[in-house]
Amino acid sequence: MTEVPSRKSPGGSHAALLSRYALVIIFVLVVVVAALAVPNFATWANIANVLQRNSIIGIVACGMLLMIVLGGFDLSVGAVGAMASVVAAAMIVHVSGPLGIVAALALGAVVGLFNGFCIAKIGINPFVATLGTQVLVTGLLFIGTAAQPVYGVPEAFTVLGLGRIGPIPIPTIIFAAIACLTWAILRFTTFGHHIYAVGGNKVAARLAGINVDRVTLATYALGGLFAAIAGVVLLGQTGIGQPASAADWPLAAIAAVVVGGVPLSGGVGNVGGAVLGTLLLGVVANALNLLGISPYWQPAVTGAVILVAVGFDSYQRKRRELR
């Protein structure tokens, strides 16, 4: 008797494919519609502008991705970025450029490590710990600078934020390098696998012999380092160390990661989603600007995009759980 091979339902197969590539499909549709309907959108000058403007948030989003996969997040990344830009500016003006960059990046990692210590060793909730750090760092910045910007950065330094290698903006190259590093960490390293394990189930990870505290400390240190890198790139774009800058970075980075299909519950996520989420929100904002739509409408449209993207992903996830 000949066995009839089992076949999956075509509908189920299509639904699985749609769920897996939903964000890619949405991104392509948005780009195609914008290219057809928005004047000057499809020019390379505009595309390069989108890449340059959103690379900073993309760098921050890579660090935020690691922390969200771990099961937390960081509300202090904006303050860390502002701190990095101010410290780098002051050091570049009064000491030297390389030392300023190194000092800014080191301070970013130290602040991230402090967040990890508060969360892992003291047991403070990530929301409270990172919010407290954000307020503390911002207050210290205002005290140290009297809330005044730091001027005097050499014009040559702006190459880091405004320059290009060929047609590609340098911030985009830095973003791509950070994204590749994040991908490699999560995909190929034991540390990356431990991040997934701790985010999936902290108790089970500890019972499996994983040093949960050490993973938490290292992950938040990386998040702080990436935020500091973004702050240095911001300094390269503005040429001014501004203590009041980057206030919107935490929510923008979290939005990019969540739109990329990464649940806030932890244990799941990939860097491709964070990159696509960053670019999707950037394309939407750019299209609205080119259409001359009031800036007051842009947060509302961005919020709608977030709700639609996250709602679709949650709906598909719930359907899979009910099967």
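A: In this predicted model, F127 has a relative accessibility of 42% and counts as partly exposed, because that class lies between the 20% under which a residue is buried and the 50% over which a residue is exposed.

Q: What makes F73 partly exposed?

A: The relative accessible area of F73 is 22%; buried would require a value under 20% and exposed a value over 50%, so F73 is partly exposed.

Q: Why is the pair of F73 and F127 called edge-to-face?

A: The planes of F73 and F127 stand at 70° to each other, with 6.5 Å from centre to centre, and since planes over 60 degrees apart count as edge-to-face, the pair takes that name.

Q: What makes this a link between distant parts of the chain?

A: F73 lies in the loop between α3 and α4 (77–94), whereas F127 belongs to helix α6 (residues 126–145), and the two are 54 residues apart.

Q: How many aromatic pairs does a search of the whole structure find, and what is the geometry of W183 and F188?

A: The search finds 2 aromatic pairs. W183 and F188 form an edge-to-face pair, with 5.1 Å between centres and 90° between planes, the cut-off for that term being over 60 degrees.

Q: Why is F188 called exposed, and W183 partly exposed?

A: F188 has 56% relative accessibility and counts as exposed, because the class begins over 50%. W183, at 40%, counts as partly exposed, because that value falls between the cut-offs of 20% and 50%.

Q: Why is helix α3 described as oblique to helix α13?

A: The axes of α3 (residues 44–70) and α13 (residues 271–290) come within 8 Å and cross at roughly 140°. Roughly antiparallel would need an angle over 145 degrees, and roughly perpendicular one from 65 to 115, so α3 is oblique to α13. The crossing is right-handed.

Q: What residues make up the contact of α3 with α13, and how do they divide by class?

A: Among them are V50, L51, I57 and L65 in α3, which meet residues including V271, L279 and V283 in α13. The contact divides into 11 nonpolar, 7 polar and no charged residues.

Q: How does helix α12 meet α13?

A: The axes of α12 (residues 249–259) and α13 come within 7 Å and cross at roughly 115°, in a right-handed crossing. A255, A256, V257 and V259 of α12 make the contact with G273, A274, G277, T278, L280 and L281 of α13, and by class this contact has 7 nonpolar, 3 polar and no charged residues.

Conventions: Residues are numbered from 1 along each chain as its sequence is written. This is a predicted model: local features need pLDDT of at least 70, side-chain atom pairs count only at pLDDT 80 or more; totals for chains, interfaces and linings use all residues. Side-chain values use heavy atoms; hydrogens and water are left out. Axes are lines fitted to C-alpha atoms, for helices over the stretch in contact, and angles run from 0 to 180 degrees between N-to-C directions. Helices (H or I, at least four residues) and strands (E, at least two) are DSSP runs, numbered from the N terminus. Angles under 35 degrees count as roughly parallel, over 145 as roughly antiparallel, 65 to 115 as roughly perpendicular and the rest as oblique. A crossing is left-handed if the near helix is turned anticlockwise from the far one by less than a right angle, and right-handed if clockwise. Contact means heavy atoms within 4.5 Å. Ala, Val, Leu, Ile, Met, Phe, Trp, Tyr, Cys and Pro count as nonpolar, Asp, Glu, Lys and Arg as charged, and the others, Gly among them, as polar. Rings of Phe, Tyr and Trp (its six-membered ring) pair if their centres lie within 6.5 Å; planes under 30 degrees apart count as stacked, over 60 as edge-to-face and the rest as tilted. Buried means under 20% relative accessible area, exposed over 50%, partly exposed in between (1.4 Å probe, protein chains only).
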